Amino acid sequence: MADVSQIDPILAKLNECYSGTPLQREKLELWSLLRDIAASLARGDVAELEVRALVAELAEGVAGQLAAHGKALSPERLADELLGAVKDAAARAAAERVAAVREKLRRAGERAREKKERLSVL
């Protein structure tokens, strides 16, 4: 079975941070937010500087939540780790988009060749 970090780096980091706490709903909400941020970064809708600020703000709140449940993480360290996971997810999303575009182009080229072959027979 594949390691979670290979499938979703954001979820892997959150699983690590939230392990041993009852904050599953909060973890899933944060996962959803961070995935949306990663997707926006991959599309180029937001700059890395904006992402850095958003993640730092989220990390501040998360560090407080985790501290209340006995998990002491500095907001700065948490922000750095979450930012790394968001960047990894964004890079994967961008690579998947490029692969999808290449596949569409390949299929379009095949259809064009088939159409040309059919026309040359007539």
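Predicted model: local features only at pLDDT ≥ 70, side-chain atom pairs only at ≥ 80, totals over all residues.
Residues are numbered from 1 along each chain as its sequence is written, and side-chain values use heavy atoms, without hydrogens or water. Local features need pLDDT of at least 70 and side-chain atom pairs count only at pLDDT 80 or more, whereas totals for chains, interfaces and linings use all residues.

Helices are DSSP runs (H or I, at least four residues), numbered from the N terminus. The axes of α2 (residues 9–18) and α3 (residues 24–43) come within 10 Å and cross at roughly 150°. Axes are lines fitted to C-alpha atoms over the stretch in contact, and angles run from 0 to 180 degrees between N-to-C directions. The two helices are therefore roughly antiparallel (angles over 145 degrees). From α2, I10, L11, L14, N15 and Y18 take part in the contact (heavy atoms within 4.5 Å). Their partners in α3 are Q24, E26, K27, L30, W31, L34, R35 and A38. The contact comprises 8 nonpolar, 2 polar and 3 charged residues. Here Ala, Val, Leu, Ile, Met, Phe, Trp, Tyr, Cys and Pro count as nonpolar, Asp, Glu, Lys and Arg as charged, and the others, Gly among them, as polar.

Helix α3 also packs on α4 (residues 48–68), at an angle of about 175° and with the axes 11 Å apart. This makes α3 roughly antiparallel to α4. On the α3 side lie E26, L30, L33, L34, I37 and L41. They meet E48, V51, L54, V55, L58, V62 and Q65 of α4. The residues of this contact divide into 10 nonpolar, 1 polar and 2 charged.

The largest pocket has a volume of about 210 Å³. On a 1 Å grid over the protein atoms alone, a pocket is an open set of points where a 1.4 Å probe fits, with protein on both sides within 12 Å along at least five of seven lines; lining residues have an atom within 4 Å of a point. The lining consists of I7, D8, P9, I10, R35, A38, A39, A89, R92, A93 and E96. The most come from α5, with 4. By class, the lining holds 7 nonpolar, no polar and 4 charged residues.

Technical notes: Parallel < 35°, antiparallel > 145°, perpendicular 65-115°, else oblique. Points joined across faces, edges and corners; volume = space filled by probe spheres on them.
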